[in-house]
Amino acid sequence: MRNDEFGLAPGLVYLNHAAVAPWPRRSADAVARFAAENATSGALHYARWLATEHRLRERLRLLLGARSIDEIALVKNTSEGLSIVAFGLPWQSGDSVVGIARDFPSNRVVWEALGDRGVSFRPVDVNAAADPEGALTAACDASTRLMAVSWVHYVTGLTLDLERLGRFCRARGILLCVDGIQGVGALPIDVEACRIDFLAADGHKWLLGPEGLGVFYCRDTVLERLEPRQLGWHCLAHPGDYERPDWRLAPSAQRFEAGSPNLLGAHALDASLGLLLEIGADAIAGAIRGHAATLRAALEAIPGMDLLGSSDPARWSGIVTARIAGTDGAALVAQLAADGVVCAARGGGLRVSPHFYNEESELQYFCDVLSRFIKKC
Ligand SMILES: Cc1ncc(COP(=O)(O)O)c(C=O)c1O
């Protein structure tokens, strides 16, 4: 039975939330209402739109466990959030950044690009390490200014213990910057408890929102250490006072929002977060990790299957990826799509990423289609 909150086409089994998620009905409805209002009355009700945007910030604050909405900036995407950190900190030649080998490009290139300022990037192969956090902390030394991790690895689904990393970094004065896109919305997070300084995540994966709107969390105590590299009117302390000749930056993370907000996206993402908060982070994570357990068990039973990621359930996320001897991921994805199952090819394998609302029967259908295809190979 389909979850009533979603209106996916009959026969479509959507297991690709680590790429781009479908919107819940309520988000599609919010966008339709917003479009109708624009078409009939322009921005006459702008104050109401801003109230929705304010609620979105509050919902993001709640979801992340931030102390204040002043620590929340709305950005275009994860890459923008990570770039704000990389190109806003006052680096000195000889500094180092510890990060993750074979991470998604957004969380590699910004750090590698600091090379021309004399900053070295030290990628750690967390997926090969018996103790991933231990490997990351061992790579830090007196030159390390920042640790840049993806909470959940986009290929293997490996989930890092952010609390452990945060304790280590805080004790040594190292900033902790988290690419949260593959975890936020799927697993509970508490940026306070984890002592995270910066976190960026886009809306279109586990948050079930649109592309083009994401969150950048900046701990209030480190706000002044980041120099905004894009300026405009919206990032100022007096954003509506257009005639004012003098200016200063907003005292909050809004200083990273240069110009007009993405209110269309805000209406959609606000509605999606409303659903996630109603269900609750623990219930969502429970369902997702249950799906991971089901998928891992089913895939392990298929001969020739090389399951990536950790076998420790505490490290599981919404991502399950397997390489299958004699087949390539792209061919499998095409075959599955022909049978109505949507997943992705990543890291030379097949990446499956169900969300909380997927049904056990859908996972079973995926396994049946996959087994049939493999037998034919
Ligand atoms: C770990 C990780 N970071 C970043 C991104 C995408 O970044 P953006 O939100 O800038 O599109 C992805 C997308 O797959 C990802 O998996």
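The radius of gyration of the protein, a predicted model, is 21 Å, which agrees with the value near 21 Å that a compact globule of 377 residues would have. Along the principal axes, the C-alpha atoms fill a box of roughly 70 × 60 × 30 Å. The secondary structure comprises ten helices and 13 strands. Of the 377 residues, 46% are buried. Among contacts with a sequence separation of 6 or more, 70% are accounted for by residues 24 or more positions apart.

The ligand is surrounded by 13 residues, and the closest are Asn77, Thr78, Ser79, Tyr154 and Asp202. Divided by class, this shell contains eight polar residues, three nonpolar residues and two charged residues.

Serine 150 was considered as an individual position. This residue belongs to strand β5, which spans residues 144-150. Serine 150 has 24 C-beta neighbours inside 10 Å and therefore counts as buried, the threshold for this class being 20 or more. When residues up to four places away in sequence are not counted, the contacts of serine 150 are Ile100, Asp103, Phe104, Asn107, Asp179 and Gln182.

Note on methods:
Residues are numbered from 1 along each chain as its sequence is written. This is a predicted model: local features need pLDDT of at least 70, side-chain atom pairs count only at pLDDT 80 or more; totals for chains, interfaces and linings use all residues. A residue is near a molecule or strand if its C-beta atom, placed from the backbone, lies within 6 Å of it. Ala, Val, Leu, Ile, Met, Phe, Trp, Tyr, Cys and Pro count as nonpolar, Asp, Glu, Lys and Arg as charged, and the others, Gly among them, as polar. Helices (H or I, at least four residues) and strands (E, at least two) are DSSP runs, numbered from the N terminus. A residue is buried if 20 or more other C-beta atoms lie within 10 Å of its own, exposed if 12 or fewer, and partly exposed in between; C-beta atoms are placed from the backbone. Two residues are in contact if their C-beta atoms, placed from the backbone, lie within 7 Å. The radius of gyration is taken over C-alpha atoms; the globule rule is 2.2 Å times the number of residues to the power 0.38.
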